[in-house]
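Colleague: I've got a model on my screen and would like to go through it with you. Can you bring it up?

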Amino acid sequence: MITSAIAGFAVSVALIVAIGAQNAFVLRQGLRREHVVPVVAACAASDALLITAGVAGVGSLVTGRPMLLTAIRWGGAAFLLCYAVLAARRALRPDVLVPTDRPPATLRATLLACLAFTYLNPHVYLDTVLLLGGVAQQHEHRWVFAAGAVAASVAWFTALGAGAHRLAPLLARTAAWRILDGAIAAVMAGVAVALLAGS
């Protein structure tokens with residue numbers, strides 16, 4: 001059983017550590033110290049839900065509906081491209097990159113954005129429902145594998161959200177925020193283009 005838990009943890013870490021829209025959002029919230037705990041909790045809970053669905057076999061139902069996959073892909077790409085444009089605008093306008101120059105976003109708006117990054121990004125379903133769900137089926141103790149995968153998600157988002165503030169001194173300069181938002185814009189645009197290219 002312990003082997004399944006370790007395998008679930010390792011596979012989950014390999015999938016979620018890569019820089020993506022969700023991780024970039026959590027990092028930005030951690031740097032701004034805005035609603036970090038609710039954001040981390042929402043990301044971890046969403047991963048737990050999707051991993052559970054994948055291990056329960058939902059992935060096979062989704063892959064059997066090409067129209068649904070296409071709709072998810074195009075909707076997710078559109079969302080990511082819109083956010084890439086917003087991040088690019090922040091990068092080009094230094095005055096909006098300094099955290100103290102504007103009031104913090106409301107908890108409601110922040111959580112809605114967090115959930116959008118989670119559920120409108122097709123890569124989240126690929127990683128959790130399809131890949132993790134599929135690998136779990138190869139283990140005798142698939143629910144122990146799922147528990148290990150969920151533990152990895154909780155550990156990662158907690159570390160990312162709580163540890164981001166350590167980068168605050170580096171990112172206290174406008175130029176650093178410009179670079180960060182420029183990188184976020186590039187990552188999100190790249191993911192969106194990759195989704196459209198695969199449609």
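Modeller: Before we start, a definition: helices (H or I, at least four residues) and strands (E, at least two) are DSSP runs, numbered from the N terminus, and the expected span of a helix is 1.5 Å times one less than its number of residues. This is a predicted model, where local features need pLDDT of at least 70 and side-chain atom pairs count only at pLDDT 80 or more, while totals for chains, interfaces and linings use all residues. Residues are numbered from 1 along each chain as its sequence is written, and side-chain values use heavy atoms, with hydrogens and water left out.

Colleague: OK, how many helices and how many strands does the protein chain have?

Modeller: Read from the N terminus, the elements go α-α-α-α-α-α-α-α-α. The tally for the protein chain is 9 helices and 0 strands.

Colleague: What span does H2 reach from its first C-alpha to its last?

Modeller: H2 has 12 residues, and at 1.5 Å a residue you'd expect 16 Å. The model comes close to that, with H2 reaching 17 Å.

Colleague: And how many residues of H2 are buried?

Modeller: Buried means under 20% relative accessible area, exposed over 50%, and partly exposed in between (1.4 Å probe, protein chains only). Among the buried ones in H2 are Ala21, Phe25, Val26 and Arg32. H2 is largely enclosed by the rest of the structure, because the buried count is 11 of the 12 residues.

Colleague: Which residues have the most contacts inside the largest nonpolar core?

Modeller: A nonpolar core is a set of buried Ala, Val, Leu, Ile, Met, Phe, Trp, Tyr and Cys residues joined through side-chain atoms within 4.5 Å. The largest one has 25 residues, and the elements that give two or more residues to it include H2 (21-32), H3 (36-55) and H6 (107-119). A second, separate core of 8 residues includes Ile51 and Leu132. Back in the largest core, the residues with the most contacts are Phe25, Val26, Val39, Cys43, Cys114, Phe117 and Ile184.

Colleague: Let's zoom in on Val39: which residues does Val39 touch?

Modeller: Contact means heavy atoms within 4.5 Å. Leaving out residues up to four places away in sequence, Val39 touches Phe25, Val26, Gln29, Thr110, Leu111 and Cys114.

Colleague: How far from Cys43 is the nearest cysteine sulfur?

Modeller: A disulfide is a pair of cysteine sulfur atoms within 2.5 Å, and a search of the whole structure finds 0. Cys43 is buried, with a relative accessible area of 1%. Its nearest cysteine sulfur belongs to Cys114, and the distance is 3.5 Å.

Colleague: Now the loop between H2 and H3: is Arg33 buried or exposed?

Modeller: Arg33 sits in the loop between H2 and H3, and its phi is near 55°, a positive value in a residue other than glycine. Most residues other than glycine have a negative phi. With a relative accessible area of 56%, Arg33 is exposed.

Colleague: What is the relative accessible area of His35?

Modeller: His35 is in the loop between H2 and H3 too, and has a positive phi of about 50° although it is not a glycine. His35 is partly exposed, and its relative accessible area is 26%.

Colleague: Last one: which side chain does Glu34 meet in a salt bridge?

Modeller: A salt bridge is a side-chain nitrogen of Lys or Arg within 4 Å of a carboxyl oxygen of Asp or Glu, and by this rule the count comes to 1. At 2.5 Å, N to O, the partner is Arg32.
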